[in-house]
Amino acid sequence: MHPIEHVLNTTMSELGKMVDVNTIVGNPFVTPDGCTIIPISKVSFGFVTGGGEYGEGMKAPIETRHPFAGGTASGVTITPVAFMVEKQDQIKLLTATERDIVDKILESIPQMASEVRKMFEQGKTKGENSTSQG
């Protein structure tokens with residue numbers, strides 16, 4: 001294996017350890033009043049890896065090439081963006097950042113779904129009542 005492959009493999013392995021799904025959608029926790037809160041974060045990361053062989057080392061067989069210089073650097077930013085809150089069978093998405101119109105629409109989806117479900121349930125009940133009366 002070429003030395004730069006080893007550096008790349010190590011970098012990717014370490015990045016995989018730093019970021020997993022539990023970093024983005026956190027573990028839920030329950031408050032004393034029974035409210036379940038799930039943190040949601042945005043994870044940004046970047047890395048750079050590089051290396052080179054210098055001097056006469058480039059002409060030697062790959063197994064004996066020297067000197068090789070290599071390095072890697074990475075950075076990770078984890079930003080909380082929202083909290084999903086469930087209480088008494090209602091779900092709300094509370095954003096932690098400045099909201100734009102798309103955020104407001106996404107935030108209202110659970111409430112809209114609940115209202116649509118109620119409308120269908122009321123429609124079924126009215127339909128059953130009208131057929132049983134006739």
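Me: Taking buried to mean under 20% relative accessible area, exposed over 50% and partly exposed in between (1.4 Å probe, protein chains only), is S41 buried or exposed?

Reply: This is a predicted model, in which local features need a pLDDT of at least 70 and side-chain atom pairs count only at pLDDT 80 or more, while totals for chains, interfaces and linings use all residues. Residues are numbered from 1 along each chain as its sequence is written, and side-chain values use heavy atoms, with hydrogens and water left out. S41 lies in strand β2, where helices (H or I, at least four residues) and strands (E, at least two) are DSSP runs numbered from the N terminus. Because its relative accessible area is 15%, S41 counts as buried.

Me: In what order do the elements of the protein run from the N terminus?

Reply: The protein has three helices and four strands, and 13% of its 134 residues count as buried. Read from the N terminus on, the elements follow the order α-α-β-β-β-β-α.

Me: Which residues does S41 touch, leaving aside residues up to four places away in sequence?

Reply: A contact is counted when heavy atoms lie within 4.5 Å. Contacts of this kind between residues at least 6 apart in sequence join, in 50% of cases, residues at least 24 apart. With residues up to four places away left out, S41 touches T23, I24, I78, T79, P80 and V81.

Me: How far apart in space are T79 and I24, C-alpha to C-alpha?

Reply: T79 lies in strand β3, where it counts as partly exposed because its relative accessibility is 28%. Not counting residues up to four places away in sequence, T79 touches S41 and K42. In sequence T79 and I24 are 55 residues apart, whereas their C-alpha to C-alpha distance in space is 9.2 Å.

Me: Which residue is 17 residues from E98 in sequence and 9.2 Å from it in space, C-alpha to C-alpha?

Reply: E98 is placed in the loop between β4 (90–95) and α3 (101–133), and at 77% relative accessibility it counts as exposed. The residue that lies 17 positions from E98 in sequence and 9.2 Å from it in space, C-alpha to C-alpha, is V81.

Me: Which residue forms a salt bridge with K87?

Reply: A search of the whole structure finds two salt bridges, each being a side-chain nitrogen of Lys or Arg within 4 Å of a carboxyl oxygen of Asp or Glu. K87, which is partly exposed at 34% relative accessibility, has a closest N to O distance of 2.9 Å to its partner. K87 lies in strand β3 and the partner in the loop between β1 (29–30) and β2, so the pair ties together parts that are 54 residues apart in sequence. That partner is D33.

Me: Which helix holds both K118 and E115?

Reply: K118 forms a salt bridge with E115, with the closest N and O atoms 3.9 Å apart. Both count as partly exposed, K118 at 40% relative accessibility and E115 at 39%. Because they are three residues apart, about one helical turn separates them in helix α3.

Me: Which element gives the largest share of the lining of the largest pocket?

Reply: The largest pocket is lined by 15 residues, of which Q90, I91, P110, Q111 and S114 lie nearest its centre. Two or more lining residues come from each of β4 and α3. The largest share, nine residues, comes from α3.

Me: In which loop are Q88 and D89 found?

Reply: Neither residue is a glycine, yet phi is positive in both, at about 50 degrees for Q88 and near 60 degrees for D89. Q88 is exposed, with a relative accessible area of 69%, and D89 counts as exposed at 73%. Both are found in the loop between β3 and β4.

Terms used
On a 1 Å grid over the protein atoms alone, a cavity is a set of points where a 1.4 Å probe fits but cannot get out, and a pocket is an open set with protein on both sides within 12 Å along at least five of seven lines; lining residues have an atom within 4 Å of a point.
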